[in-house]
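Visitor: Please take a close look at one part of this chain for me. I would like to know which side chains pair up there and how exposed they are.

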Amino acid sequence: MDSLDNALIDAQNTLNSAHQSYIDAGSKNQNEFDEIKLQAAIFNYELCKEVTFFYKKKPIGFSQKVALKGAIHCIYEYKRASDNLLMRIFALAKLNKIEIFDADLRKVKLNIKPHLKSISNWEDIRNKATAHYDKNTTAQFSVINQIDVDEALEVMKYFLMYSVEILKVLKIVGASTST
């Protein structure tokens, strides 16, 4: 088993654990934490699954671009949701009198900042070829063809690191929430 398999298994275990905690949540604060953690774990698992598939199956040619559609969609949607998720983490940390996370979360977000423009440019890809299949197949094929494989892989790498860092911060916030 290689590091990709191990990362996917870790992501799967984190997701399953987060889901079980969400089901078992008792207090309102614990439920809020479990909702945040489950959302972050879903993203982490989905992206890890996409990365693992891409590197293990080694698609070539146009199929590389098609293989990246799932990751592009996942990243695009997570970017849209992450500001709200971060605000909820800040609020939960503040509620639990955890003062160190403001700087930590800002550092995490700074790592993805250079890639935000790339993600914003993926709106057409998302609208025509990932979340939906455009009725105009020529438009659909065109946006898929515009995928820059190297750029997408770079963004994938940083967003995967970002999701792992958020889960690390959540682990600390969660420890204080469950007490």
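Guide: Glu-165 is partly exposed, because its relative accessible area is 29%. The model is a predicted one. The side chain of Glu-165 meets that of Lys-168 in a salt bridge, at 3.2 Å from N to O. Both residues lie in helix H8, 3 residues apart, which is about one turn of the helix. Lys-168 is also partly exposed, with a relative accessible area of 46%.

Helix H8 also carries aromatic residues. Across the whole structure, a search finds 6 aromatic pairs. In one of them, Tyr-78 and Phe-159 are arranged edge-to-face, with 6.5 Å from centre to centre and 85° between the planes. This pair links distant parts of the chain: Tyr-78 is in helix H3 (residues 62–95) and Phe-159 in helix H8 (residues 149–177), 81 residues apart. Tyr-78 and Phe-159 are both buried. Phe-159 also pairs with Tyr-162; their ring centres are 5.2 Å apart and their planes stand at 65°, so this pair is edge-to-face, the angle being over 60 degrees. Phe-159 and Tyr-162 are 3 residues apart in helix H8, so about one helical turn separates them. For Phe-159 the relative accessible area is 0%, so the residue is buried. Tyr-162 counts as buried because its relative accessibility is 2%, and the cut-off for buried is under 20%. Ring pairs join Phe-159 and Tyr-162 with Tyr-78 and Phe-43 in a cluster.

The search of the whole structure finds 9 salt bridges. One of them is between Asp-2 and Lys-56, whose closest N and O atoms are 3.0 Å apart. This pair links distant parts of the chain, with Asp-2 in the segment before helix H1 (3–24) and Lys-56 in helix H2, 54 residues apart. Lys-56 also forms a salt bridge with Asp-5, the closest N and O atoms being 3.3 Å apart. Here Asp-5 is in helix H1 and Lys-56 in helix H2, 51 residues apart. Asp-2 is partly exposed at a relative accessible area of 31%, Lys-56 is partly exposed at 36% relative accessibility, and Asp-5 is partly exposed at 22%.

Conventions:
Residues are numbered from 1 along each chain as its sequence is written. This is a predicted model: local features need pLDDT of at least 70, side-chain atom pairs count only at pLDDT 80 or more; totals for chains, interfaces and linings use all residues. Side-chain values use heavy atoms; hydrogens and water are left out. Rings of Phe, Tyr and Trp (its six-membered ring) pair if their centres lie within 6.5 Å; planes under 30 degrees apart count as stacked, over 60 as edge-to-face and the rest as tilted. Helices (H or I, at least four residues) and strands (E, at least two) are DSSP runs, numbered from the N terminus. Buried means under 20% relative accessible area, exposed over 50%, partly exposed in between (1.4 Å probe, protein chains only). A salt bridge is a side-chain nitrogen of Lys or Arg within 4 Å of a carboxyl oxygen of Asp or Glu.
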